[in-house]
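Me: I would like to learn how to read a few features of a model. Please take me through them one at a time.

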Amino acid sequence: MTLALRRMYAIFQKDMKDVSKNMYISTTALTPIILAFFYGRMDNIQLDMLSYY
């Protein structure tokens, strides 16, 4: 492995440790995925629900 790849891998490992320890980062990353799954499973979403006007 070259020095650049080793450094990238070390930074990636450090970031993964930070994400696992910091719950705010984890929930911020997972919330859109969970909401997309939840709203994707809904049958009928009326346009009135989606507009703010």
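Reply: Start with a definition: a salt bridge is a side-chain nitrogen of Lys or Arg within 4 Å of a carboxyl oxygen of Asp or Glu. This is a predicted model, where local features need pLDDT of at least 70, side-chain atom pairs count only at pLDDT 80 or more, and totals for chains, interfaces and linings use all residues. Residues are numbered from 1 along each chain as its sequence is written, and side-chain values use heavy atoms, with hydrogens and water left out.

Me: How many salt bridges does the structure hold?

Reply: One. The side chains of K14 and D18 form it, at 3.5 Å from N to O.

Me: Why can K14 and D18 be about one helical turn apart?

Reply: An α-helix has 3.6 residues a turn, so residues three or four places apart point the same way. K14 and D18 lie four residues apart in helix α1 (residues 3-21). Helices here are DSSP runs of H or I, at least four residues, numbered from the N terminus.

Me: Where does α2 bend?

Reply: A bend is the angle between axes fitted to the seven residues ending at a residue and the seven starting there. α2 bends by about 30 degrees at L30, and the proline P32 follows within four residues.

Me: Where is F38?

Reply: F38 sits in helix α2 (residues 23-40). F38 is partly exposed, with a relative accessible area of 47%.

How values were computed:
Helices (H or I, at least four residues) and strands (E, at least two) are DSSP runs, numbered from the N terminus. Buried means under 20% relative accessible area, exposed over 50%, partly exposed in between (1.4 Å probe, protein chains only).
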